[in-house]
Amino acid sequence: MPTVLGQNQYGKAETRVVRVTRDGPVHHIRDLNVSIALSGAMEEVHLSGSNARVLPTDTTKNTVFAFAKEHGVASAEDFALRLARHFVTGQESIGTARVRIEEYAWDRIATPGPAEHSFVRRGRETRTAQVTFDGAGERWQVLSGLKGLVVMNTTDSEFHGYVKDRYTTLPETRDRILATEVNACWRHAWDGGGGGGGGVDGSAAPDWDGSWERTRGHLLAAFAETYSLSLQQTLYAMGSRAVEHGPGIDEIRLSLPNKHHFLADLRPFGLENDNEVYFAADRPYGLIEATVLREGARAAVPPDLTNLP
């Protein structure tokens, strides 16, 4: 049977670049992991092996380092915008570029004197960003997010009234620990203002860093303030707050693994366990996922994007 070539892309994955900005004795760090995927008129390299329209992946890696030097890293989103527009507008064979970035945070170590150049890697979540530019339609899509944000409520969580069958052994509870690892990806309504990649060339664009910090704050606030009867209810409260308080956000996708904590049985030792000592089970775990949309918005965040390794 004859075959045909379907969707295809290529690029360089996981280019690690650390950009140090030296403001006199005060230094600033942006630590990125950049993955680039390019697609377009690439049929011949698959069908005949001709590389005539292929930009080497090594070149994409070099471009990441060069852009970090030439343009700096104002934010993960801004850096991705610059790269995506560069590849699409710079090569006739490339029609679409997707730039995916993870950013690792560092906290400053306080030291005496004016020098501020010592840092400690922050042991919290990873910031994520993905920019896709379709050169044919001058269409931009900017996704921001985070993964690995571990949170816990030690009370104000119940779980009861659920369906039971012959295999159900889980007891109902009116007071439990609710813990999860927040993995979230949200889509900005901003689309580049009709092309041109606003913010890259000085035109108006969101404050990417500020928007990310505010959205993270709303997710945390909703988690802390919601009296939870199910993790699904908490997820919806978190997503709704992020959208309702983020006028530039049209959609958010959340993936919340339930980090189960079970009461330890202390009866063999003659001890009562009044919701004080728990066994933390890492697997298997419940996995709750859903998308929350602004009314009238279309769903565009891929369902599995929040589960990428």
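This section describes the sheet, the helices packed on it and the nonpolar cores of a predicted model. Residues are numbered from 1 along each chain as its sequence is written, and side-chain values use heavy atoms, leaving out hydrogens and water. Local features need pLDDT of at least 70, and side-chain atom pairs count only at pLDDT 80 or more, whereas totals for chains, interfaces and linings use all residues.

Eight strands form an open sheet in the order S1-S2-S3-S6-S7-S8-S9-S12. Strands are DSSP runs of E with at least two residues, helices are runs of H or I with at least four, and both are numbered from the N terminus. Pairing requires at least two DSSP bridges between two strands. Here the pairing is antiparallel. Strand S1 (15-23) and S12 are the edge strands, each pairing on one side only. On average, neighbouring strands are turned by 20° against each other, direction ignored. Axes are lines fitted to C-alpha atoms, for helices over the stretch in contact; angles run from 0 to 180 degrees between N-to-C directions.

Helix H2 packs on this sheet and touches S1 and S2. Its direction makes about 10° with that of S1. H4 lies across S2, S6, S7, S8 and S9, at about 40° to S7.

Strand S6 is mostly covered, with nine of its nine residues buried. Buried means under 20% relative accessible area, exposed over 50%, and partly exposed in between, with a 1.4 Å probe and protein chains only. Thr126, Thr128, Gln130, Thr132 and Asp134 point one way from S6, while Arg127, Ala129, Val131 and Phe133 point the other way. S6 is joined to S3 by eight bridges; Glu103 stands opposite Arg127. Nine bridges link S6 to S7, where Leu143 is the bridge partner of Gln130. S6 and S7 form a hairpin with four residues between them. In the turn, Glu138 has a positive phi of about 50°.

The largest nonpolar core has 31 residues. Such a core is a set of buried Ala, Val, Leu, Ile, Met, Phe, Trp, Tyr and Cys residues joined through side-chain atoms within 4.5 Å. Val34, Phe79, Leu83, Val99 and Ile101 have the most contacts inside this core. Helix H3 gives the largest share, eight residues. A second, separate core of 22 residues includes Leu149, Trp212, Met238 and Ile288.

Helix H5 (residues 231-244) has buried residues including Leu235, Met238 and Val243. The buried residues of H5 pack against S8, H4, S9 and S12, contact meaning heavy atoms within 4.5 Å.
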